[in-house]
Amino acid sequence: MKLDLTDMLYALSFALDKVEEELLGIDTGHGKRVAYLSLLMGEEAGYQEEELRDFIGCCLLHDNALTEFIHEELSHSQMAELLSVKLSDIADQKKTKLNHDHSVIGEQNIRMIPFRTDVKNIILYHHENADGSGALGMTVAETSLKSQILRLADIVDTSCRLKTMTRAEFDDTRGFVESRKGTLFSKEAVDLFLKAVDYDKIVRMQEKDVLSCLHEKLQEKILNYSDEEVRNIAGLFAKIVDYKSEFTQNHSAGVAQKAGIMAQYYHFDDEKAIRYYFAGAMHDIGKLAVINDILEKPGKLTVDEFAEMKNHAAASRYILSQIKEIPDIVDWASNHHEKLNGKGYPQGLTAEELGFEERLMACIDIYQALTEKRPYKDGMSHEKTISIMMDMVGKGELDEKIVQDIAIVMAG
């Protein structure tokens, strides 16, 4: 499958940024701003294009494990406490655990991304201080320059509000960075920052948009990735989405798995089959932009809350449409809540406007949702699920032949 991996990570970092905005109060765009600062410093350090491209990919994904950490390590009461305060007010012990654990998990996750150069331990050590007082206790001599650059860029963006920074604030930031040389930051990373990042570049980022600045520096590069590599990429982001809420854990992975099974049943060629699997894994990527208060509300949603929930499909389309080379996947993934009778969302498409692959994805999504166990319900049996889906066929919502085929295939 052909992809511009960096372009894809730009798009998906938007979803990760929405999580950080909700959970930690960080301005949207954090990942891309950190990537841009790191890119400027990486250029100054003399990194070549391929190495720089992979480094920027790590910067975009440096907080990829945040949702996983929250739901694996924190109880509901702990998470509520974390969400009720600003990042700067979190107790040092809890902040250290957050930094430690999401760095470790994030390093494991990043191995699923098929980078072409060595990116080992960049994310693992991105919360390490030069003097060894960081999350894992590693000193500057034990970490790479890339981790040190990422550490500096991360702190500058979370502490200094680059989106609205004035010249006076920039001067203060330079002073702050220089004053932490040898404690928070390594001497080499500080020197790179002072040489590579000036106020004009900050203003350009504010006025032109950080993504445009990144595109100016790194040109498009489309490569062909193996089916296994595509499954790994899709698997990582399915996991990130599913960990957003324990109410839908394993949903994206389940849809992807069943999309692969049905692709084989319908004799999709190899290229189409892996694209369809990818679409299944990514179909709910927009849920990262929906707050957990709505995703995890135990009772019926209000009209306004349901409208917000429905926005996830449009958000999936927005995120995926930023990725070149996948217009078919955009439709297969983001139209999974459309109905043949035109009463679905977000676009209200009708049978004449919905292709076979979109109809199939809608059915797979419903089958997975009904059969999976969630905190508030047990999974339904295959027979009960098919009965409900046939009722939806009778209402003009689903494709009858596809539901019949799923009944046969999933029975075994």
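Which residue lies over the face of Phe 268? Lys 272 does, at 4.3 Å from the ring centre. The views below come from a predicted model.

**View 1. Phe 170 pairs with Tyr 199.** The two rings form a tilted aromatic pair. Phe 170 belongs to helix 8 (residues 167–179), while Tyr 199 belongs to helix 10 (residues 199–208), so the pair ties together parts that are 29 residues apart in sequence. Both Phe 170 and Tyr 199 are buried.

View 2. Tyr 265 has a relative accessible area of 34%, so it counts as partly exposed.

**View 3. Ring pairs build a cluster.** Its members are Tyr 265, Tyr 266, Phe 268, Tyr 276, Trp 332 and Phe 356. Across the model, the count of aromatic pairs comes to 10.

**View 4. Glu 357 contacts Lys 272.** Glu 357 is found in helix 18 (residues 356–371). Its relative accessible area is 16%, which is under the 20% cut-off, so Glu 357 is buried. A polar contact of 2.5 Å joins its side chain to that of Lys 272. Leaving aside residues up to four places away in sequence, Glu 357 touches Phe 268, Lys 272, Tyr 276 and Trp 332. Among these, Phe 268, Tyr 276 and Trp 332 belong to the ring cluster.

**View 5. Arg 231 sits over Tyr 277.** Arg 231 lies over the face of the Tyr 277 ring. The distance from the ring centre is 5.6 Å.

How values were computed: Residues are numbered from 1 along each chain as its sequence is written. This is a predicted model: local features need pLDDT of at least 70, side-chain atom pairs count only at pLDDT 80 or more; totals for chains, interfaces and linings use all residues. Side-chain values use heavy atoms; hydrogens and water are left out. Rings of Phe, Tyr and Trp (its six-membered ring) pair if their centres lie within 6.5 Å; planes under 30 degrees apart count as stacked, over 60 as edge-to-face and the rest as tilted. Helices (H or I, at least four residues) and strands (E, at least two) are DSSP runs, numbered from the N terminus. Buried means under 20% relative accessible area, exposed over 50%, partly exposed in between (1.4 Å probe, protein chains only). A charge sits over a ring if NZ of Lys or CZ of Arg is within 6 Å of the ring centre and within 35 degrees of the ring normal. A polar contact is a pair of N or O atoms within 3.5 Å; within protein, one must be able to donate a hydrogen and the other to accept it, and residues adjacent in sequence count only if both atoms are side-chain atoms. Contact means heavy atoms within 4.5 Å.
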